[in-house]
Amino acid sequence: MLLIYLVGMGTIAQFGIAQARRETALRFQNDSQYAVKLLVHRIAAIRGGKSADPQWPVACNRALREFVANVPAKSVRVVEGSSVIASTTPSEIGTTVESSISATIPPGGLEIVTLPSDARHRIIRSPLALAEPGTTETESTLPMSGAYVEAVLPIEPLQPASLADHARLLAIILAVLGALFVVYRCLREQLRGVSKIAKRLESHRDRIEEDLASLRIGDAVDAVTVGWNELVGLTERLLSTVQRTEANEELSRVLQRSGGGALSEALNAIPDGLIYITDEVRFEYVNSAACRLLGCNASEVKKLTLTDAQSSGVGAKLLTLIREAASAEGFFEARTEVLESTDAQAPDQSTYRAWLIPLQRARHQGECLVMIRDVSQQVRADRAREEFIAQVTHELRTPLTNIRAYTETLSSGMFEDPKVITECYNVITKETRRLSRLVEDILSVSQLEVGSIELHVDNVDLKALLSDGVRDVRGLADEKNIDVQVVLPAKLEPVRADRDKLAVVVNNLLGNAIKYTPANGNVVVGCQVSAEAVVLTVKDNGIGIDPSEHAKVFEKFQRGSNPEVQHESGTGIGLYTAREIVRRHGGDIELISEKEKGSTFLVRLPHGESRAAALSPV
Amino acid sequence: MAKILVVDDDVHILRVLSMWLQRHGHEVVTARDGKSALATLDRETVHMIISDMNMPLLDGIGLAKEVRAKSGPALPILILSARCDQERLNEQLATYGVRVYPKPFLPSQLVVEINQLLGVTVS
């Protein structure tokens, strides 16, 4: 193959060279002929007109020498009438030559004669013409008879050429060979790499990636890393969206599935309002309590957004609160607020406590759970407790004030009137008893609170108990000119009870009766005995209690709301204590009363077997 | 000496204050509640009012307001209070130029206080 290739290439090169040489020779011959024509004109000019300058051959020789200096002629001579006039070979001058120019060659024409002995040279002859006066050299037309210029010129330019051509050819061949070798080597490297990969592909499939990586994959690593990270980020975001959607759907599904089911019922049954707001500030779920509060029904809920939700009263306040808590970024801030009901018609203002709990799932905070609880009871209890403390303080200080003032009156020595001294002792004694009773009441409440009250059951003479009770309040009754009567059956058997505790009950009921009965009123204390129970009654014709407040007056720290009650001092523990004590005895207190029509309290104590049955579990 | 109106729904307080003030040479008139006190003021001219805080019909603050509206700021008023929010009451009554004196009190010290008030405002 290579040999054929080389021979082919050589032939092509040789052909190219020969072609080039032929072209060069042709150009050379044209140039030579033209040069000869110019020389003929010049010689003719040197020769001049018909009468030649005898010295013209000298100038002619100079012209010939100049000619051969520029043209690679072997020899040049000027012949006239067979005699050599001038020549580049000085020995020829004056000699006779046998050759002559063909007579048919016109002035300006050329006769080219190939030499049989010398294939590399040829003879170019051109006839000399006499220049006519006034004409230019080129226009000379008259031939000089037999005079001509003869130049022996090489057919081709002189060649050290032959050797140079071969060297060039050799160089070309070497260059081609070198190029081929380089190409071969390159191919072989590539082929070797490919074959190596092929081998590894077969033997080490696991390492294919490494080998591929070695094929310039490394440059792409950075780009791939960036792309990968973007992909991972995108995937995470998609994943969280999907999870969120799934969670929402799951919640909706659960809520929908349990539409008539247990969860929904449970959520609707709790008294606390629950609102679940999605990140689109849409009400996803609102339970019954919250519906009532917002004044909407459950089917409307899903259509509600925070922006267009409308409500009144506490609902409006709640919406304002939620709107305030929802920031511009769509996040909710945790808040706890107390909302007062603005319903002026309500007898007791309702108080609600609202909790806004932002839900934090993944990095998403745009959801919120709102819980709202009616804390009216608690608030009322707190207020009642505060009022109780204020009342107790006042109640304790009032007898203390008298005790302290009358004690100083005694000790000052400024008042020596025996009547005054007696008065002082009486006031101190009375106020001390009042203070003591008050402290007992407060302690009773504390004991009842912690359940540590103990009953010391004994046979109690009711007649004596009631008489003592009336005696204790006689002072107060006399101040208001209230008539207190005790109406008892002729025969009254003792009851099993805690004497001191029962005394507290009687005292509290009698105290209230006198306190809330206007001046000149009357109070009747009675007792009825049946087979099951002993019923003590304390009846007055005082201000009475509205039936709506019957339950309330027995509550701890609670008092009637009418102004007459509020004007009287009191701690709101008397009736509570009384009822608790009676209940510990297995009985109860009943209230019969209407506003402005007086009150009757009935203390029912179990009797005989009922009492035993009632007391046994304690 | 001065004529002093003492107002309290507790008769024992009225009695003991009357004894002490009279012993210190003052003339005392009494009332059982704010309304009665106002009626008394319509009839009589006094140099000072000493009143309980918690009373039926009209309490100490109500009385003080009425008195200030009728008689101006000159008449010294001293309110005796057994309440636990003494400071708040003090601030509330200060706007009417009314002093608050806490219960329980020692009559001897209260008399000193009363005399000081009278000495400052009554020549």
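T401(A) counts as buried, because it has 23 C-beta neighbours inside 10 Å and 20 or more is what it takes. Keep in mind that this is a predicted model, so everything below is read from computed coordinates.

Chain B has five helices and five strands. Read from the N terminus, its elements go β-α-β-α-β-α-β-α-β-α. Of its 123 residues, 40% are buried. If you take the contacts in chain B with a separation of 6 or more, 60% of them join residues 24 or more positions apart.

Which residues of α9(A) are buried? They are V314(A), G315(A), K317(A), L318(A) and I322(A). These residues cover an arc of only 160° around the axis, so they lie on the same side of α9(A). R323(A) and E324(A), on the other side of α9(A), are exposed. As a bit of background, an α-helix has 3.6 residues a turn, so residues three or four places apart point the same way.

Chain A also has an open sheet of five strands, in the order β12-β14-β15-β17-β16, with mixed pairing. Its edge strands are β12 and β16 of chain A, and each of them pairs on one side only. On average, neighbouring strands in this sheet are turned by 15° against each other, ignoring direction. Inside the sheet, β15(A) and β17(A) pair in the antiparallel sense over seven bridges. One of the pairings to look up is V535(A), whose bridge partner in β17(A) is R604(A). Helix α15 of chain A lies across β16 and β17 of chain A and runs at about 135° to β16(A).

Here are some chain A elements from this tour, with their residue ranges:

| Element | Residues |
|---|---|
| Strand β12(A) | 483–487 |
| Strand β15(A) | 533–540 |
| Helix α15(A) | 574–584 |
| Strand β16(A) | 588–593 |
| Strand β17(A) | 599–606 |

Methods: Residues numbered from 1 in each chain as written. Chains lettered and ligands numbered in written order. Predicted model: local features only at pLDDT ≥ 70, side-chain atom pairs only at ≥ 80, totals over all residues. Pairing = 2+ DSSP bridges. Helix = DSSP H or I, 4+ residues; strand = E, 2+ residues; numbered from the N terminus. Axes fitted to C-alpha atoms, helices over the stretch in contact; angles between N-to-C directions. Contact = placed C-beta atoms within 7 Å. Buried ≥ 20, exposed ≤ 12 C-beta atoms within 10 Å, placed from the backbone. Arc of directions from axis to C-beta.
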